[in-house]
Each structure stands twice: as structure tokens, then as C-alpha cells.
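Please open the model in a viewer and keep the selection panel at hand. The stops below proceed by selection, each with a short account of what is found there.

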Amino acid sequence: MERSLTHIALFAALIAILGVIPPITLAFGVPITAQSLGVMLAGTVLGARRGFLATLLFVALVALGLPLLAGGRGGLGVFVSPTAGFVVGFPFAALVAGWVVERTSLPLGLAAGAGAVIGGIGVLYVFGLTGLAIVLDTTLGEAAFLVGAFLPGDAIKAVLAGFITVSLAKMRPGSVLSRN
Amino acid sequence: MLTLTSPVETRYHRWPAGTKLAALAGFTLVLFSLDAAIVPPLALIAVAIAYLAQGKDFALAGLRLLRPLWPFVALILIWHLWQGDPGRGAAIVLRMLAALAAANLVTLTTRLTDLLAVVERLCRPLSPILPPRRLALAFALTIRFLPAMALHLSHLREAWAARSPRRPGWRVLVPGVLAAIDDADHAAEALRARGGTD
């Protein structure tokens with residue numbers, strides 16, 4: 001019980017820190033913040049239920065006014081801004097990512113990568129595009145045009161989520177709770 | 001831990017947090033459900049007056065919080081100009097600015113402790129599945145571990161920089177996540193040693 005609680009709290013903090021540390025620069029010079037990678041990892045490492053709760057806790061802290069989103073944004077304004085859908089979708093992205101890792105018998109790396117793609121990109125973009133379409137009063141297609149530029153970065157993050165999850169399992173068997 | 005609450009003490013700071021949140025919810029709902037062209041500009045003027053009533057510095061702080069929105073403002077205006085309907089674009093921009101400024105006003109004038117109290121009160125009906133003490137502990141743990149984890153990651157990046165001329169890439173994230181898991185295990189042991197979470 002205590003362990004479950006502390007894992008949820010610590011991963012919420014981890015997602016926050018990943019949005020604040022200087023952006024990770026990839027080999028070919030695309031700067032990305034690792035926040036959505038943190039959301040993917042919450043799902044693939046902690047599993048569906050705990051990943052969902054950790055991410056929900058992070059979103060709640062943002063709502064309460066801590067400037068924890070990438071770029072130092074936070075507060076209730078986030079939830080009426082054009083990017084509100086992405087923030088609301090974070091917990092569900094982690095939920096689905098974790099669910100995929102828990103319910104498939106694929107090798108861990110593949111399962112984590114697939115979970116990150118389905119949850120961290122598929123589910124997250126459904127929420128994000130809906131939010132954009134509502135606030136900007138556009139169609140979903142027009143909204144999709146706006147976020148297309150972020151897709152390559154997110155695809156890279158999904159691959160990294162797979163690699164990192166496997167590395168964790170190798171370095172410390174038992175640390176990947178979604179497969180225990 | 002730094003929050004977005006304004007250090008400039010305003011009259012709104014003394015209003016109850018629950019009332020402010022309910023008013024904000026009502027305001028946003030009305031703003032997004034009424035389609036009349038007059039609504040967004042009126043709403044924005046009302047919010048601007050609420051800011052300006054508390055002085056120039058406070059209003060400027062509010063304006064700074066709207067900064068991440070400018071790319072979207074430009075995008076919407078250009079898009080609707082191109083579509084030949086600038087009036088619609090202006091209405092969307094004004095509505096977005098009014099909604100965001102109002103929400104920021106509540107964030108700027110409500111302390112974290114007051115907001116946490118509201119969350120705990122709202123979650124009370126859930127207490128059989130989510131004990132209030134455990135919820136409060138989760139919030140406290142996360143807030144406490146934010147600086148600790150930031151320090152951890154910066155140490156890892158320094159250790160990387162001491163050994164490699166290249167900039168630290170995603171590889172420092174593996175020990176970073178591992179450290180988070182270790183911290184969680186230690187914190188769990190410490191909690192259990194002190195009588196657990198209930």
C-alpha cells in the first residue's frame with residue numbers, strides 16, 4: 001500500500017521535472033522536452049492503474065497552480081487554453097500505455113514501445129485535437145494540421161520509452177511494475 | 001516550492017477558494033455556450049476591469065501569463081483572414097483570452113493550501129475508495145520530492161558532462177527513473193516504519 005502510494009507520488013514528480021529540465025537535444029538537433037515521455041513511462045513502468053493515478057496527480061498539481069508544464073505553464077488557465085486537451089489526455093495516455101504492456105505477451109521493449117505509440121500518441125492526440133478544435137473552433141482536420149509538426153518528436157519519444165523500460169528491467173528486475 | 005500565486009496581496013485573495021472556483025466554472029460555461037458576438041468582448045472587458053481594479057503591477061503580471069497564447073492568436077487571425085471571415089476569428093481570440101485571463105485570475109489570487117482544501121472537500125464522497133489522508137499525503141510527497149528529483153537529475157547531467165564532451169542525451173533518463181523508483185521504495189519503507197498511511 002505504502003509502496004503503491006509513493007510510486008504514484010514519485011512518478012508525478014518525475015513527469016513534472018522532465019518538463020522543467022533543459023530540453024533534451026536529439027542527435028539531429030531537434031530540441032524536445034521530455035514531459036510526454038514521462039507520461040509514457042508512467043504507464044509502461046508503473047502499469048495502467050498506477051500510471052493513470054500518477055499522471056492524474058501531476059495534472060491536479062498543475063491545476064492547483066504549480067508551474068509544472070513544459071515552459072513553466074500551470075494554473076487553471078491551462079484547462080481553457082488551446083492545448084487543454086493534451087493535458088486532460090495525459091492520464092488516459094498513461095492508462096492505455098500501461099494497459100498495453102500489462103495485457104500483451106510481446107517482449108517488454110516492443111510492448112512498451114507499442115503502448116507508448118497507442119497511448120502516448122494515439123489516445124493523447126484524440127484528446128489534444130478535440131481540445132484544439134473546441135477552443136479554436138476549427139474542424140478536427142484543421143487541428144491535426146497544427147500538431148503534425150510534433151508527430152516526429154513524439155514518435156522518437158515512444159521509441160525511447162521502449163528502450164528505457166527495457167533498460168530498467170535489465171538493470172533492476174522487478175522495477176518495471178507493469179510486468180510484475 | 002514556487003507557485004503561480006501572486007505575491008501582490010489583492011482583495012480577491014481573501015475571497016473563499018470554493019466560491020472563486022464555482023464562479024470561474026460558471027463564467028467559462030456561459031462564455032463557451034453563448035454564441036452572440038457581443039459576449040466575448042464584454043467578458044474580456046469585465047475580466048480586464050477585475051485585474052485593473054487591483055493596480056497596474058497586478059494587471060501586468062496577468063498579461064505576462066497570457067504570453068504563451070500569442071502564437072495561437074496570430075494563427076487564428078491569419079487563418080480567418082484567409083478564409084475571409086475576420087470577425088469570427090476576432091470573436092474566437094477574444095473568447096480564448098477572456099477564458100484564460102479569468103482562470104489565471106483565480107490561480108493568481110488563491111493560495112495552494114486553500115485550493116488543496118477544496119480538492120480534499122470535493123473528494124470526501126470518494127473517501128471509501130480514496131481516504132483523504134492518503135490523498136493529502138500523495139500531494140505532499142510529490143511537492144516535497146520535486147526539488148529532490150530536480151537535484152538528482154542535475155547531478156546525473158553533471159556526472160555526464162564530466163566524462164563526455166557531448167551534451168547529455170536521453171541516456172541520463174535511465175538512471176533518473178531508477179533513482180525515482182529507489183526514492184519511492186525508501187519513502188515507502190520510511191512510511192511503513194512510522195505506522196503506514198492510515
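Predicted model: local features only at pLDDT ≥ 70, side-chain atom pairs only at ≥ 80, totals over all residues.

A residue counts as buried if 20 or more other C-beta atoms lie within 10 Å of its own, as exposed if 12 or fewer do, and as partly exposed in between.

**Stop 1: A:Asp137**

Select A:Asp137, which is found in the loop between α5 and α6 (140-147) of chain A. Is this residue buried, exposed or partly exposed? There are 17 other C-beta atoms within 10 Å of A:Asp137, so the residue is partly exposed. Inspect the backbone here as well: phi of A:Asp137 is near 55 degrees, a positive value in a residue other than glycine. Most residues other than glycine have a negative phi.

**Stop 2: chain A as a whole**

Chain A holds 7 helices and 2 strands. Read from the N terminus, its elements follow the order α-β-β-α-α-α-α-α-α. The C-alpha trace of chain A spans about 45 × 35 × 30 Å along its principal axes. A compact globule of 180 residues would have a radius of gyration near 16 Å, and the 15 Å of chain A agrees with this. Of the 180 residues of chain A, 61% count as buried. Among contacts in chain A with a separation of 6 or more, 68% are between residues 24 or more positions apart.

**Stop 3: α2(A) against α4(A)**

Keep chain A and colour α2(A) and α4(A). Their axes come within 7 Å and cross at roughly 35 degrees, and the crossing is right-handed. To display the contact, select A:Val39, A:Met40, A:Ala42, A:Gly43, A:Thr44 and A:Leu46 on α2(A), together with A:Phe90, A:Ala93, A:Ala94, A:Leu95, A:Ala97, A:Gly98 and A:Val101 on α4(A). How do the residues of this contact divide by class? The contact of α2(A) with α4(A) has 10 nonpolar, 3 polar and no charged residues.

**Stop 4**

Which residues does A:Val88 contact, leaving aside its neighbours within four places in sequence? They are A:Phe127 and A:Gly131. For a distance check, pick A:Phe52 too: its C-alpha atom is separated by 12 Å from that of A:Val88, and the two residues are 36 apart along the chain.

**Stop 5: α2(A) against α5(A)**

The crossing is right-handed. From α2(A), the contact is made by A:Ser36, A:Val39, A:Met40, A:Gly43 and A:Thr44, and from α5(A) by A:Ala112, A:Gly115, A:Ala116, A:Gly119 and A:Gly120. By class, the residues of this contact are 4 nonpolar, 6 polar and no charged.

**Stop 6: the contact between the chains**

Now show both chains. How many residues does each chain bring to the contact? Chain A brings 49 residues and chain B brings 51 residues. On chain A, the elements that give two or more residues to the side touching chain B are α1 (2-20), β1 (24-25), α2 (35-46), α3 (48-63), α5 (108-136) and α7 (151-171). Of these, α1(A) gives the most, with 15 residues. The side of chain A that touches chain B has 33 nonpolar, 11 polar and 5 charged residues.

**Stop 7: chain B**

Finally, hide chain A and select chain B. The secondary structure of chain B consists of 8 helices and 0 strands. Its radius of gyration is 23 Å, well over the 16 Å that the globule rule gives for 198 residues, so chain B is more spread out than a compact globule. Along its principal axes, the C-alpha trace of chain B spans about 60 × 50 × 35 Å. Of the 198 residues of chain B, 31% count as buried. Where contacts in chain B join residues at least 6 apart in sequence, 69% of them join residues at least 24 apart.

Key:
Residues numbered from 1 in each chain as written. Chains lettered and ligands numbered in written order. Contact = placed C-beta atoms within 7 Å. Helix = DSSP H or I, 4+ residues; strand = E, 2+ residues; numbered from the N terminus. Nonpolar A, V, L, I, M, F, W, Y, C, P; charged D, E, K, R; others polar. Rg over C-alpha atoms; globule rule 2.2 N^0.38 Å. Left-handed = near helix turned anticlockwise from the far one by under 90°. Axes fitted to C-alpha atoms, helices over the stretch in contact; angles between N-to-C directions.
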